[in-house]
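Colleague: I'd like to learn how to read a model like this one. Could you walk me through it?

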Amino acid sequence: MKRLSRYRRHKFAGPAVLLAALFTIGTTFSIATALPSQQRMEVSAQTTMVEEGKQIFARGCSSCHGLNAEGGAIAPSLIGVGAASVDFQVGTGRMPMADMSQQAMRKKPVYNEQETAALAAYVASLAPGPASVTNASLTWERDGNVAQGGELFRTNCAMCHNFAAQGGALSNGKYAPTLMDAQPKQIYEAMITGPQSMPKFSNNTITPAEKLSIIKWIKAAQNEPSLGGASLGRVGPVTEGLLVWTLGLGLLIGVAVWLAAKAR
Amino acid sequence: MSAKNRIASGVAGYVDDRTGAAKWLKKNLTKVFPDHWSFMLGEIALYSFIILLLSGTFLTFWFDPSQREVIYNGSYAPLSHVTMSASYASTLHISFDVRGGLLMRQIHHWAALIFMAAIVAHLLRVFFTGAFRKPREFNWLIGVGLVTLGIVEGFLGYSLPDDLLSGTGIRIAEAILQAIPVVGSYLSFFAFGGAFPGHVFIPRIYTVHVLLLPGIFLALITIHLMLVWYQKHTQYPGPGRTEQNVVGYPLMPVYMAKAGGFFFIVFGVTAFLGGVASINPIWLYGPYTPGQISAGSQPDWYMGWLDGLVRMSPPIETHAFGHTISWNILLPGLILPGILFTGMALYPFIESWITGDKREHHLLDRPRNVPNRTALGAMSLTFMMISLINGGNDIIATHFHLTINGIMWFTRIGLIVVPPIAFVITKRICLSLQRADRELVLHGKETGRLVMLPHGEFVEVHEPISAQKAWTLTQHLQPEALMVEGADENGVRNPAGLKGKIRARISKANAEQVAAPTLTEFKELEGGHH
Ligand code: HEM
């Protein structure tokens, strides 16, 4: 404040204040006038997106999910699942499902970003549901807290996805996948939509801010350096035991055989 | 005599006059040890124990065995400001902020795994070669004690850092403790000084891990080695080797040089593993909190079979007198291991009861010549392997795209069905190997050369094997089935009672052998060799 009051008497102070005031008024006005037209444009873009999505859906998804996404004998209804679910399922390549195996697997996405967005818009137009997010809109790098994210992950996710997010087995051949390839938006969407055996984590159980922390921790886990040598898959003592009986004892017995043979 | 030698002999003489060491040394340093790679398995165990002592002592300098809550502010960023126990924080400190600390932790843990693997391999060698027979039954008992304590020591060791994985293990141990009828909950209350997890458990197991058990280990290992010393080492059968002698190298210098070199090799392999492969990365597991658990939580391999048994046991509980008996924990966690280890400890006595053999044995058996024992060993090993597989069922499921439930049912049924099959197959294999030995002795080895006899018949030329080899293949004793006192040939109305009947039956099965060729048979064939 002291500093500001010093500048008050500066000879440029008057003109500067005037300039700032004009600028503010000008931009506010231009934004205010621009808003309705932008909205109008968005709405029309939205309708074309929905149209496009509907067409892609008819070609790629309706065989299982029904012509109007009402669901069928083999696949559930998508009415009300929201854009988030579609963005997650299609963005991770799970949908369209390749074979009716135990569980849709993560694979290379069939549709590009624009087509995915169109599909999401179409499904969202059927009934309201959780909206999709973009990687850029998630400020996990700035607002997340790794240590808190780790705590939350161990409490809510590790029982299925393993302590280092390497994935784990569930009953009857189902599994929680590794999270090593998951993008921030997919992590977020997985939490709000709860795909398949994964529970939904509403904003009451895990707040949006906490979700960002979880994302930050998972991103850190993806880049976790191999401290102390080869990581052995980060699945716990099973691989350690395997290594000790093969390489460890194998080497030692090899030497023992060699030593005993040398003596003869 | 040079001045140097004069001084040396002066000192030696001085010491000898006062201790009589020269005679003792001469007697012991020229003691002979037979040589075979399988005799070095015990050495691997011994050397890794020494490595454990050294690396463990290093760890004690910084490890803080306390469950006091602290807030972490060390250099591992993903855990900074997390609340944790002092023991977890100090293990992080050793890993990241003590020079060489992580390497030392990894060496300590790898050495523990090698220690247990070597003990088990050593035990198998002793079992399959019959080295536990009279007069070595005590050493067998000590060995069984060492494996059992090794399992406990390892479990307590990896529980010390108080991380999420080991905390889960302690939780299971607590459940097993509580499942003991009537006294279970009191025992648990006593061990944890109140409700789980409490604040006293880590400090207590620390004392046991670094003081009590290592002390017992040292004592047992000393007795174990002294017995080997005084009873002399067994040897594999061969020409010139009898029940009365030991053929091998003198302790000094050959054996000592070899053993010393081997220590450094064991140390080298352990340090190599510690340097290149991560083990027990507790910073990834996170601190223990009762509300958390990770997928794929496993114990170290030497506990894996126990975990596998617990995982496969069906949920059976009974309620009696206001107590709930959880058979699903009690049976696989306590009763079955109890039976297995008691059976293992008593085996030398059981075998000598079956065979009636009370003689001393210093020549080892070739496993094929004792089909029943070998088959029994294969059967037990199969049992353990199947349990162990189920211990890792979740990891196997994800990595081989199988279902946990499938593996569980496979192992549940397999645990009962496969070991007997392993028994039968192993026994068959042993008997056919005996038959092959017999052929080899009587007819020599096949040369692959065909010769046409004058009348046009083709025969393959067999080359007689050396006398040494023939001796090795035929020297073993083939005990007759035991004639239990008073049993008639049908075994009916046996005055010795049911026990005698069982004994006669087992003894008969035990004595099933392919007759080793006798000298007369051999001589007969010598005449008209074809
Ligand atoms: C006198 C001998 C020993 C001492 C002084 C000792 C000391 C210690 C200490 C202080 C720790 C905790 C620190 C840490 O985890 O980094 C520890 C952990 C451990 N000890 Fe020992 N120990 C000894 C012998 C043994 C033996 C004989 C075994 C195995 C049979 C064993 C197995 C373990 C294991 C598996 C751990 C966990 C290591 C880890 O978390 O990475 N220790 N020991």
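Modeller: Start with a network: salt bridges link B:Arg133, B:Glu351, B:Asp365 and B:Arg373. A salt bridge here means a side-chain nitrogen of Lys or Arg within 4 Å of a carboxyl oxygen of Asp or Glu. Keep in mind that this is a predicted model, where local features need pLDDT of at least 70 and side-chain atom pairs count only at pLDDT 80 or more, while totals for chains, interfaces and linings use all residues. Residues are numbered from 1 along each chain as its sequence is written, chains are lettered from A and ligands numbered from 1 in the order in which they are written, and side-chain values use heavy atoms, with hydrogens and water left out.

Colleague: How many salt bridges are there over all chains?

Modeller: The search of the whole structure turns up 15. One of them pairs B:Asp35 with B:Lys258, at 2.7 Å from N to O. That pair links distant parts of the chain, 223 residues apart: B:Asp35 sits in the loop between β1 (32–33) and α3 (41–60) of chain B, and B:Lys258 in helix α10 (residues 251–276). Helices (H or I, at least four residues) and strands (E, at least two) are DSSP runs, numbered from the N terminus.

Colleague: Are B:Asp35 and B:Lys258 buried or exposed?

Modeller: Both are buried. The scale goes like this: buried is under 20% relative accessible area, exposed is over 50%, and partly exposed is in between (1.4 Å probe, protein chains only). Now try B:Asp64 and B:Arg68, a salt bridge whose closest N and O atoms are 2.6 Å apart. B:Asp64 is partly exposed at 24%, and B:Arg68 is partly exposed too, at 45%.

Colleague: And what about the salt bridge between A:Arg154 and A:Glu151?

Modeller: Their side chains meet at 3.1 Å, N to O. Both residues lie in helix α7 (residues 146–156) of chain A, 3 residues apart, about one turn of the helix. A:Arg154 is buried, at 2% relative accessible area, whereas A:Glu151 is partly exposed at 28%.

Colleague: Next, cysteines. How many disulfides does the structure hold?

Modeller: The general idea is that a disulfide is a covalent bond between the sulfur atoms of two cysteines. The cut-off is a pair of cysteine sulfur atoms within 2.5 Å, and the count over all chains is 0. Take A:Cys61: the closest cysteine sulfur, in A:Cys64, is 8.7 Å away, so that is too far for a bond. A:Cys61 is buried, at 14%, and over in chain B, B:Cys430 is buried at 4%.

Colleague: Zooming out, how many helices and strands are in chain A?

Modeller: Chain A has 11 helices and 2 strands, running α-α-α-α-α-α-α-α-β-β-α-α-α from the N terminus. Of its 264 residues, 39% are buried. Among contacts in chain A between residues at least 6 apart in sequence, 61% join residues at least 24 apart.

Technical notes
Contact = heavy atoms within 4.5 Å.
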